[in-house]
Amino acid sequence: MTDMWPPALATWLLKRAVRGNDALVGDLFEEYRRRCSRVWYWRQVLTAVAVNRSRETLLVLGIVALFLMGSRFSVPGAHADPLALQARRAVGTPFGLFSVLAGPQLLGVTVFALGIMPYVSAALVVQTFALTWRFLIRNPRRRRDVPVVAVTWCLAILLCGAQAIGLALFLERSSAINEGLQIVANPGVMFRITTLLTLTTGTTSLMLISDQISKRQIGNGMFLVFVAGTVAGVSRTLGQADPFAVLTYAALHVAVAGVVSHGYRRAIAPAQLA
Amino acid sequence: MSARFNLGTFDLMILLALMRLGDAAYGVPISREIEETSGRVVALATLYATLTRLEKNGLVSSRLGEPTAERGGRAKRYFRVTAKGLREVRDAQRVFTSLWNGIPTLKGGVV
């Protein structure tokens, strides 16, 4: 049954796709009332999304391809297969939960194992700090604005380094505990340095892509890179992990994507807005 | 001298539809006009994307009307052909006519 109101979901999608082109939304509304066809309305909305968001769509697909390519390259000296095997065996244990939260990129110990999460975390911390700073020092003469972009980048690289070292230690420890699992061939300082450099390079390149997307006003770079990482992660997980794990992974990432997107609209999260 | 704009078939159809509709030219009637005369289904988003491009190139101009209840409180955007747009249509007509004149009469779909 059709009524005078077009499908709400389609209208919601349309409004986000056409960026304030109210005349087009009004035209579709007017024509829908004459035709009373949901199929026609949906087709028009999807065309509007394709026409108005083609650059974003292509960009996300490009970054997904980059993620998938990067997922073929593991950190030198690390063998991901035993770790993935251990994760499959550990369903229902704390490590099993960790493997779901970490996603396939981290378990594969790939170049993009840390994804863009260090940047997201750093942006949220720095922006919260900057807001608190502005609130505490209200006198503009005494207040010196926080260099948000530079601090966010530094903090993100520090976080990335700490997480990379943590992952290297975790892999070495897993090899030592489970003697049958040869996750790390030659544990030691060299392996830690290699992991640090590889993972920091991977995440920094994602941060650069994210910043360029935002600077060129194509969209919210951090959000698009994050979504692309999630899509690549889910596509790799499908058919390999149990459906519950895939759904949990996707739900967690949708929640983080929501926070990033909301923060962008409120101009508090992405560092490049400063 | 300003740069020439290469009119595509769809651009030309839109400009002609605008000229036929006069002051009442906004998204819905323009798409209907093209659908009725050419039989071609027009997506409104494609129509607006083309109109925006034509406006950027100075071939059409637009103005916002008043918001109306039957459109969910949204205003119509009326379009009209500018002097530059009119020149482009005339040029296209001249080119097409002269090309057409050199072809024998079309009968039954074959020359």
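1. Start with I30(B): leaving out residues up to four places away in sequence, I30(B) touches A17(B), L18(B), L21(B), A25(B), L47(B), L51(B) and F79(B) (contact means heavy atoms within 4.5 Å). Bear in mind that this is a predicted model, where local features need pLDDT of at least 70, side-chain atom pairs count only at pLDDT 80 or more, and totals for chains, interfaces and linings use all residues. Residues are numbered from 1 along each chain as its sequence is written, chains are lettered from A in the order in which they are written, and side-chain values use heavy atoms, without hydrogens and water.

2. I30(B), L18(B) and L47(B) have the most contacts inside the largest nonpolar core, which has 35 residues. Such a core is a set of buried Ala, Val, Leu, Ile, Met, Phe, Trp, Tyr and Cys residues joined through side-chain atoms within 4.5 Å, with buried meaning under 20% relative accessible area (1.4 Å probe, protein chains only). A second, separate core has 22 residues, including I116(A) and M207(A).

3. Now the helix pair in chain B: the axes of α2(B) and α3(B) come within 10 Å and cross at roughly 105° (axes are lines fitted to C-alpha atoms over the stretch in contact, and angles run from 0 to 180 degrees between N-to-C directions; helices are DSSP runs of H or I, at least four residues). So α2(B) and α3(B) are roughly perpendicular to each other, a label for angles of 65 to 115 degrees.

4. From α2(B), G27(B), V28(B), I30(B), S31(B) and I34(B) meet L44(B), L47(B), Y48(B) and L51(B) of α3(B).

5. Over in chain A, E172(A) sits in helix α8 (residues 148–177) and is buried, at 10% relative accessible area.

Technical notes: Buried < 20%, exposed > 50% of the residue type's maximum accessible area, 1.4 Å probe, protein only. Helix = DSSP H or I, 4+ residues; strand = E, 2+ residues; numbered from the N terminus. Parallel < 35°, antiparallel > 145°, perpendicular 65-115°, else oblique.
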